[in-house]
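I opened this model to look up its helices, its core and its ring contacts. My entries follow in the order I made them.

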Amino acid sequence: MPQKNIIINSLRESISSIWKNKSLFILLFILQIVFFAILFFVSQNYLPKMLENAKAISDYLSQQKLDEISMTQNILQQKNILGDDPLSISRNFNEMAKNFRIYLAYIFILLIVFLSVFWTLTNRLVYKETIKQLRRYFFKVLIVLLFYLGLIFSFFYSIFNISFTEAAYEPSKIFAKYLLFLVASLILVYFMFISISLVDRTGFKNIVQKTLTIGIKKTHYILSVYFINIFLLIFSIGVLSYFIDNYFFIALISLLLMFFSFIFGRIFLINVVEKLD
């Protein structure tokens with residue numbers, strides 16, 4: 001089947017599945033809102049703390065005279081070049097790192113739980129499976145997510161598992177490590193959603209081979225799906241940010257469209273991957 005037909009037919013089937021399963025779609029919609037509400041609450045609890053620590057470090061350093069003459073004078077007078085309380089920098093950095101790791105742990109748990117539920121219910125919407133089949137699919141998705149997200153979160157967890165001294169003296173090395181982890185994480189996410197879409201009809205024995213086959217040899221199909229889904233998401237966020245201050249109704253519609261894009265994206269990908277398998 002030509003690429004255009006696969007994409008168009010999958011779009012039609014996705015819209016049709018939503019239309020035929022309105023109650024399940026509404027349930028997914030509500031759960032999507034609940035997920036973002038919890039995510040917002042967790043972020044509001046930890047992000048301000050990390051920003052406060054970062055600001056404290058920045059404010060302290062801005063008060064210090066770090067020019068060559070002042071630093072030379074401090075050395076000659078046997079004073080610390082970082083001022084009267086240099087340990088405040090490491091204290092704030094360590095506190096920021098601790099909050100970041102806790103925040104990552106919460107996000108990891110949220111994603112594992114909610115994504116497993118989201119994909120299980122989405123699979124039910126597309127294939128109308130029994131409770132027993134859905135239970136088996138749920139645990140398969142859970143295992144796949146634990147593998148992929150476990151790798152991704154261990155990458156970023158390790159970035160902040162360093163001391164302030166290491167971060168201060170090797171910033172370029174930290175940045176290169178972060179960039180490498182970011183690229184690796186994007187690649188893992190690309191293959192993760194393919195694996196989840198396959199896991200219902202493919203055993204773990206063959207899932208790696210099929211994931212790589214579809215992800216590499218049929219990448220133009222998958223990238224087309226991702227492009228459409230990302231476009232919907234970016235469009236809704238753009239409209240939301242533009243109208244949020246002046247037109248509440250339009251902003252509300254764009255927010256609902258954003259939630260819809262996540263649900264539709266999962267249905268769309270399942271339908272496309274089914275045709276590529």
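Entry 1. Is Phe138 buried, partly exposed or exposed? I looked up its relative accessibility and found 25%, so Phe138 counts as partly exposed. The cut-offs are under 20% relative accessible area for buried, over 50% for exposed, and partly exposed in between, with a 1.4 Å probe and protein chains only.

Entry 2. Ground rules. I am working on a predicted model, where local features need pLDDT of at least 70, side-chain atom pairs count only at pLDDT 80 or more, and totals for chains, interfaces and linings use all residues. Residues are numbered from 1 along each chain as its sequence is written, and side-chain values use heavy atoms, with hydrogens and water left out.

Entry 3. Overall make-up. I find ten helices and zero strands in the protein. Both are DSSP runs numbered from the N terminus: helices are H or I with at least four residues, strands are E with at least two. Of the 277 residues, 38% are buried. I then took the contacts, meaning heavy atoms within 4.5 Å. Among those between residues at least 6 apart in sequence, 80% join residues at least 24 apart.

Entry 4. Aromatic pairs. I get 22 of them in the structure. Rings of Phe, Tyr and Trp (its six-membered ring) pair if their centres lie within 6.5 Å; planes under 30 degrees apart are stacked, over 60 edge-to-face, and the rest tilted. I looked up Phe108 and Phe153, an edge-to-face pair with 5.3 Å centre to centre and 70° between the planes. This pair links distant parts of the chain: Phe108 lies in helix α4 (residues 87-127) and Phe153 in helix α5 (residues 131-159), 45 residues apart. Phe108 is partly exposed at 21% relative accessible area. Phe153 is buried at 13%.

I went back to Phe138 and checked its ring against Phe139. The centres are 5.4 Å apart and the planes stand at 85°, so this pair is edge-to-face. Phe139 is partly exposed, with a relative accessible area of 46%.

I also noted one aromatic cluster that includes Phe25, Phe29, Phe114, Phe118, Phe260 and Phe268.

Entry 5. Charges over rings. The test asks for NZ of Lys or CZ of Arg within 6 Å of the ring centre and within 35 degrees of the ring normal. Lys22 has its charged end over the ring of Trp19, 4.1 Å from the centre. Lys49 has its charged end over the ring of Tyr46, 5.1 Å from the centre.

Entry 6. The core. A nonpolar core is a set of buried Ala, Val, Leu, Ile, Met, Phe, Trp, Tyr and Cys residues joined through side-chain atoms within 4.5 Å. The largest one has 65 residues, and those with the most contacts inside it include Trp119, Ile194, Ile222 and Val272. Elements giving two or more residues to this core include α1 (3-20), α2 (22-62), α7 (171-198) and α10 (248-276). Helix α4 gives the largest share, 16 residues.

Ile194 is in helix α7 and is buried, with a relative accessible area of 0%. Beyond four places in sequence, Ile194 touches Thr211, Ile214, Gly215, Ile222, Tyr226 and Val273.

Tyr221 sits in helix α9. At 11% relative accessibility, Tyr221 counts as buried. Tyr221 and Val273 lie 52 residues apart in sequence but 8.7 Å apart in space, C-alpha to C-alpha.

Entry 7. Helix packing. How do α8 and α9 pack? Their angle is about 80° and their axes are 5 Å apart. Axes are lines fitted to C-alpha atoms, for helices over the stretch in contact, and angles run from 0 to 180 degrees between N-to-C directions. That makes α8 roughly perpendicular to α9, a class covering 65 to 115 degrees, with under 35 roughly parallel, over 145 roughly antiparallel and the rest oblique. The contact is made by Ile214, Gly215, Ile216 and Lys217 of α8 with Thr219, His220 and Ile222 of α9.

Entry 8. Leaving aside neighbours within four places in sequence, Ser236 contacts Ser254, Leu257 and Met258.
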